[in-house]
Amino acid sequence: MDANITTFRQLYYVCKSQNKKIYEAAIDYEVSLGEYSEEQIRMQAEKSLSAMKDAIKTGMNSVEKSPSGMSGDDCDKLQKSFARNSSLYSKTVQKIMTYALATSEQNLRMGTIAACPTAGSCGIVPAVLIAFAQDNNISENEQVNALITAGEVGKLVANKMALAGAVGGCQAECGVASAMASAALTQMRGGDIKQILNSVALALKNILGLTCDPVCGLVEIPCVKRNPFLAVHAVTASELAMAGIISKIPLDEVVDAMEQTGKLMSPLLKESSQGGLAKTKTAIILEKNILK
Ligand code: SF4
């Protein structure tokens, strides 16, 4: 049986010593558990990828508001703005932002999404992976490989801390999604394992302490707009890593710091809607209007 990989350091050494990519090491380990074959694992990833693409497509063409009425038309606004105005961002980054909003708004409409790693952060990985793949002729097979790499990153962080706003704040949801997305992106861009893991470390260390303070207790404000922000954050992490910029703090230590930060954060800022944005004057008015 292949050794269980529980840290990023172990992952790095397995990949280096056995000359494997991250997704290969992840698949080998899962297969060694005896429950699934490689074919089944890849089929599951394909299914998730397909659900992600469907959510983007549907979300791009909808202006239906969420049941609360607080959101649902931002993706449409952004698409129209990109069509009308010049942007500082490339076409691919514009697409990334749009796809992140499309998926996130689909989640609010109770549409089908792939939680990646959670529903609140569901727009980030699909947006980065699929927009880049479309604009760079990345094969379906390579997209599946990138998604499995992203999954391995999420799994290794989850070995340390629960990926839930109630436990670690939004750093554990949108933050981890951004790190997963940067790994997928860096891999598709041809980055080596060091660059991939550095992109993960850079993404994570620059969102430490991100609060979870959903208005009205709904995964809506600030969650929806946080998705395009953290999708672009993943691009920044990948750009730095591809330039050879490294995280001076090793990735496993960044994850330790993230876990500790989550523990130090007040429960008022961890999905309880008792602090931060959730307790602003406007949030209280919105809550009264929605619940009346
Ligand atoms: S703010 Fe909280 S509920 Fe919203 S996406 Fe982040 S962790 Fe999830």
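Predicted model: local features only at pLDDT ≥ 70, side-chain atom pairs only at ≥ 80, totals over all residues.
Reader: Okay, but how do I describe the packing of two helices in general?

Author: You give the angle between the two axes and the distance between them. Here α5 (residues 91-108) and α11 (residues 223-242) pack at about 145°, and their axes are 8 Å apart.

Reader: Which residues of α5 and α11 meet?

Author: On the α5 side you have Val93, Ile96, Met97, Ala100, Leu101, Ser104, Glu105 and Leu108. Facing them from α11 are Cys223, Val224, Asn227, Pro228, Ala231, Val232 and Val235. Sorted by class, this contact of α5 with α11 has 12 nonpolar, two polar and one charged residues.

Reader: What about α10 and α12: at what angle do their axes cross?

Author: Helix α10 (residues 193-205) and helix α12 (residues 251-264) cross at roughly 25°, with axes that come within 9 Å. Angles under 35 degrees count as roughly parallel, so α10 is roughly parallel to α12. The hand of the α10 and α12 crossing is left-handed.

Reader: And which residues make that contact between α10 and α12?

Author: From α10 come Leu197, Val200, Ala201, Leu204 and Lys205, and from α12 come Leu251, Val254, Val255 and Met258. By class, the α10 contact with α12 has eight nonpolar, no polar and one charged residues.

Reader: How are α3 and α7 arranged, and at what angle do they pack?

Author: Helix α3 (residues 38-60) and helix α7 (residues 140-158) pack at about 95°, with axes 9 Å apart. The two helices α3 and α7 are therefore roughly perpendicular. In α3, Arg42, Ala45, Glu46, Ser48 and Leu49 meet Gln143, Val144, Leu147 and Ile148 of α7. The class count for α3 with α7 is five nonpolar, two polar and two charged residues.

Reader: Now the backbone. What do most peptide bonds and phi values look like?

Author: Most peptide bonds are trans, and most residues other than glycine have a negative phi. With that in mind, look at cysteine 116 and proline 117, joined by a cis peptide bond with omega about 5°. Proline 117 sits in the loop between α5 and α6 (124-135). There is also a cis peptide bond between isoleucine 221 and proline 222, with omega about 15°.

Reader: Where is proline 222 placed?

Author: Proline 222 is in the loop between α10 and α11. Cysteine 216 is in the loop between α10 and α11 as well, and its phi is near 60°, a positive value in a residue other than glycine.

Reader: Last one: which residues come nearest to the ligand?

Author: There are 13 residues around the ligand, and Gly120, Gly165, Cys170, Cys212 and Cys223 come nearest. Split by class, the shell around the ligand has seven nonpolar, three polar and three charged residues. You've met Cys223 already: it is one of the α11 residues that meet α5.

Definitions and conventions. Residues numbered from 1 in each chain as written. Axes fitted to C-alpha atoms, helices over the stretch in contact; angles between N-to-C directions. Helix = DSSP H or I, 4+ residues; strand = E, 2+ residues; numbered from the N terminus. Parallel < 35°, antiparallel > 145°, perpendicular 65-115°, else oblique. Left-handed = near helix turned anticlockwise from the far one by under 90°. Contact = placed C-beta atoms within 7 Å. Nonpolar A, V, L, I, M, F, W, Y, C, P; charged D, E, K, R; others polar. Near = placed C-beta within 6 Å.
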